[in-house]
Amino acid sequence: MRKWKVKLPGGHTFELESDDPGRALLERGHTSFALEEITPPPIVPVEAVAQEGKLTLSVQEAAEELGVCSKTVYNLIHRADFPVLRIGTRVRISRAGLAAWVQANTQKNIMEVS
């Protein structure tokens with residue numbers, strides 16, 4: 001679970017603990033907000049990622065790595081915790097960030113099952 005600083009219109013701010021803060025805020029009826037992460041996700045050293053791979057992946061390459069369709073990855077890039085990088089108009093996904101994101105979400109799912 002990660003902590004977020006939420007800013008609402010009118011200057012109201014509060015802290016929220018969630019792995020998907022956007023969804024949590026929308027479920028509460030907030031449609032306009034800004035998020036700032038208080039506890040960042042763990043950083044995976046670049047050395048931990050396969051050396052023969054590129055540092056970033058396209059949406060299609062990330063979809064292939066995850067074993068899902070590209071539409072699923074396009075939906076994921078709007079999540080605050082997904083490791084997306086925008087270079088100009090291009091959307092790239094950090095290979096190291098993707099590995100950390102999968103690991104963090106796998107651990108979360110294991111804890112929920114227990």
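Buried residues have under 20% relative accessible area, exposed residues over 50%, and partly exposed residues a value in between (1.4 Å probe, protein chains only). The exercises below concern a predicted model, in which local features need pLDDT of at least 70, side-chain atom pairs count only at pLDDT 80 or more, and totals for chains, interfaces and linings use all residues. Residues are numbered from 1 along each chain as its sequence is written, and side-chain values use heavy atoms, with hydrogens and water left out.

**Exercise 1.** Describe the salt bridge between arginine 95 and glutamate 65, and locate both residues.

*Solution.* 
- Step 1. The side chains of arginine 95 and glutamate 65 meet at 3.8 Å, N to O.
- Step 2. Helices (H or I, at least four residues) and strands (E, at least two) are DSSP runs numbered from the N terminus. Arginine 95 belongs to helix H4 and glutamate 65 to helix H2, and the pair links distant parts of the chain, 30 residues apart.
- Step 3. Arginine 95 counts as buried because its relative accessibility is 17%, whereas glutamate 65, at 51%, is exposed.
- Step 4. By the rule in Exercise 1, the count comes to five salt bridges.

**Exercise 2.** Determine where phenylalanine 82 lies and which residues surround it.

*Solution.* 
- Step 1. Phenylalanine 82 is placed in the loop between helix H3 (70–76) and strand S5 (84–87).
- Step 2. Its relative accessibility is 4%, so phenylalanine 82 counts as buried.
- Step 3. Contact means heavy atoms within 4.5 Å. Beyond neighbours within four places in sequence, phenylalanine 82 contacts Val73, Leu76, Ile77, Ile93, Leu98 and Trp101.
- Step 4. A nonpolar core is a set of buried Ala, Val, Leu, Ile, Met, Phe, Trp, Tyr and Cys residues joined through side-chain atoms within 4.5 Å. The largest such core has twelve residues, among them Phe82, Ile77 and Trp101. Helix H2 (59–66), H3, strand S6 (90–94) and helix H4 (95–113) each give two or more residues to this core, and H2 supplies the largest share, three residues.

**Exercise 3.** Identify the aromatic pair of the structure and state what it connects.

*Solution.* 
- Step 1. Rings of Phe, Tyr and Trp (its six-membered ring) pair if their centres lie within 6.5 Å; planes under 30 degrees apart count as stacked, over 60 as edge-to-face and the rest as tilted. A search of the whole structure finds one aromatic pair.
- Step 2. Phenylalanine 82 and tryptophan 101 form this edge-to-face pair, at 5.0 Å centre to centre with 80° between the planes.
- Step 3. Phenylalanine 82 lies in the loop between H3 and S5 and tryptophan 101 in helix H4, so the pair ties together parts 19 residues apart in sequence.
- Step 4. Tryptophan 101 is buried, with a relative accessible area of 13%.

Terms used
Salt bridge = Lys/Arg side-chain N within 4 Å of Asp/Glu carboxyl O.
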